[in-house]
Amino acid sequence: NNNNNNNNGSFYVDYGNFKCASECDPAHGLPCMGPAPDSSGFPTTYYSTAEACCVAKLHWIDVGQCVADTNGVPMQAQGSTDWYVDWNINKGTCVQDCLGNAPCGGLKENYEPSYPSAAACCASISWQPAAICHL
């Protein structure tokens, strides 16, 4: 347990807001919410990441949503991790709705159809050879 008030990666559960929080100074913005509130004599459990805190303490909430709420970021801004067709690559290539390196292809527009897996997405562009149908 780490009880100092800087952004040291100490995350604790904030049951009142259904998210996790970091002990850092709230003036820095989310996820900083200051020291953990008194937990009625029970020791506060700390986690090194927001994700670990969400999984351990708020398991009934989608972990992506919990982390987004913890950081004060809309979930959509992080992507859904569904797959969609990017028509600008090889006249149709499936990419994942996320930011970062492949297979991420950036954030999907709301009007674009999404698929739960690369295979399902590839089935929608069946003219593409399997070897190049997705990133």
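This is a predicted model: local features need pLDDT of at least 70, side-chain atom pairs count only at pLDDT 80 or more; totals for chains, interfaces and linings use all residues.

Modeller: Residues are numbered from 1 along each chain as its sequence is written, and side-chain values use heavy atoms, with hydrogens and water left out.

Colleague: How are H1 and H2 oriented to each other?

Modeller: Helices here (H or I, at least four residues) and strands (E, at least two) are DSSP runs, numbered from the N terminus. Helix H1 (residues 50-57) packs against helix H2 (residues 63-71) at an angle of about 125°, their axes lying 9 Å apart; axes are lines fitted to C-alpha atoms, for helices over the stretch in contact, and angles run from 0 to 180 degrees between N-to-C directions. Angles under 35 degrees count as roughly parallel, over 145 as roughly antiparallel, 65 to 115 as roughly perpendicular and the rest as oblique. The orientation of H1 and H2 is therefore oblique.

Colleague: Which residues of H2 make the contact with H1?

Modeller: Contact means heavy atoms within 4.5 Å. On the H1 side, the contact is made by Ala 50, Glu 51, Cys 54 and Val 55. On the H2 side, the residues are Val 63, Cys 66, Val 67 and Thr 70.

Colleague: What covers the buried residues of H2?

Modeller: Buried means under 20% relative accessible area, exposed over 50%, and partly exposed in between (1.4 Å probe, protein chains only). The buried residues of H2 are Cys 66, Val 67, Ala 68 and Thr 70. Their cover includes E1, strand E2 (19-22) and H1.

Colleague: Which side chain of opposite charge is nearest to Asp 14, and how far away is it?

Modeller: Asp 14 belongs to strand E1 (residues 11-14) and touches Lys 19, Cys 20 and Met 33, not counting residues up to four places away in sequence. For charge, Lys and Arg count as positive and Asp and Glu as negative, while His and the chain ends are not counted. A salt bridge is a side-chain nitrogen of Lys or Arg within 4 Å of a carboxyl oxygen of Asp or Glu. Asp 14 is buried yet has no salt bridge, the nearest side chain of opposite charge being Lys 19, at 5.1 Å.

Colleague: Is Tyr 84 buried or exposed?

Modeller: Tyr 84 is located in strand E3 (residues 83-86). Its C-alpha atom is separated by 6.3 Å from that of Pro 113, 29 residues apart along the chain. Because its relative accessibility is 4%, Tyr 84 counts as buried.

Colleague: Where is the peptide bond from Leu 30 to Pro 31 placed, and what is its omega?

Modeller: Pro 31 is found in the loop between E2 and H1. The bond that joins Leu 30 to Pro 31 is cis, with omega near 10°.

Colleague: What is the phi of Lys 91?

Modeller: Lys 91 sits in the loop between E3 and E4. With a relative accessible area of 71%, Lys 91 is exposed. Although Lys 91 is not a glycine, its phi is positive, at about 60°.

Colleague: What phi does Thr 81 have?

Modeller: Thr 81 lies in the loop between H2 and E3. At a relative accessible area of 45%, Thr 81 is partly exposed. Thr 81 is a residue other than glycine with a positive phi, near 70°.
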